[in-house]
Amino acid sequence: AEMPSEARRQEDVELWPLASLRARFQAFLGRPAGSRPPRGFAVLLTTGAMNPVHTGHVELLRSAARRLEDAGFGVLAAFLSPTHDAYVQPKTQRLNTVGLSG
């Protein structure tokens, strides 16, 4: 069943990354055809321990976005997805480093 538009908007507010991605996509579609990304769209995702997340992780995504845009893609979003504690904590113990989440 199709969701009423008000319910859909509320769901988007609750799922703000999706709402943000959708809004950016709509903005691209609102451009004249000749100014749209010639090679399509991209969404960036990086995963890993990221213990802790630092500016290098953010710069990785920025750099990747610039390269894709230079190659003709429209970058809609970029996400960091840190790995769960069950992976990170044994790694920190093995390496004798600080596990910030534990």
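## Nonpolar surface patch

Val-53, Val-58 and Leu-80 form a nonpolar surface patch of about 190 Å². Patches take residues with over 30% relative accessible area and no salt bridge; like charges are joined within 9 Å, nonpolar side chains (Val, Leu, Ile, Met, Phe, Trp, Tyr) within 5 Å. A salt bridge is a side-chain nitrogen of Lys or Arg within 4 Å of a carboxyl oxygen of Asp or Glu. Accessible areas come from the Shrake-Rupley method with a 1.4 Å probe, and for residues only the protein chains shown count as cover.

This is a predicted model: local features need pLDDT of at least 70, side-chain atom pairs count only at pLDDT 80 or more, and totals for chains, interfaces and linings use all residues. Residues are numbered from 1 along each chain as its sequence is written, and side-chain values use heavy atoms, with hydrogens and water left out.

Val-53 sits in the loop between strand S1 (41-48) and H3. Helices (H or I, at least four residues) and strands (E, at least two) are DSSP runs, numbered from the N terminus. Val-53 is partly exposed, at 40% relative accessibility. Buried means under 20% relative accessible area, exposed over 50%, and partly exposed in between (1.4 Å probe, protein chains only).

## Helix H3

H3 has 16 residues and reaches 22 Å from first C-alpha to last, close to the 22 Å expected at 1.5 Å a residue. The expected span is 1.5 Å times one less than the number of residues.

His-57, Leu-61 and Ala-65 are buried in H3. They lie on the same side of H3 because they cover an arc of only 80 degrees around the axis. That arc is taken from the directions from the helix axis to the C-beta atoms. Thr-55, Arg-67 and Asp-70 are exposed on the other side. Cover for the buried residues of H3 includes S1 and strand S2 (74-82). Gly-72 follows H3, with a positive phi near 100 degrees.

His-57 has a relative accessible area of 16%, so His-57 counts as buried. Leaving out residues up to four places away in sequence, His-57 touches Met-50, Pro-52 and Leu-80. Contact means heavy atoms within 4.5 Å.

Leu-60 also lies in H3. Leu-60 is partly exposed, at 45% relative accessibility. Leu-60 and Thr-46 are 14 residues apart in sequence, and their C-alpha atoms are 8.8 Å apart.

## The whole chain

The chain has four helices and two strands, in the order α-α-β-α-β-α. Of its 102 residues, 21% are buried. The chain exposes about 7400 Å², with 58% supplied by carbon and sulfur atoms.
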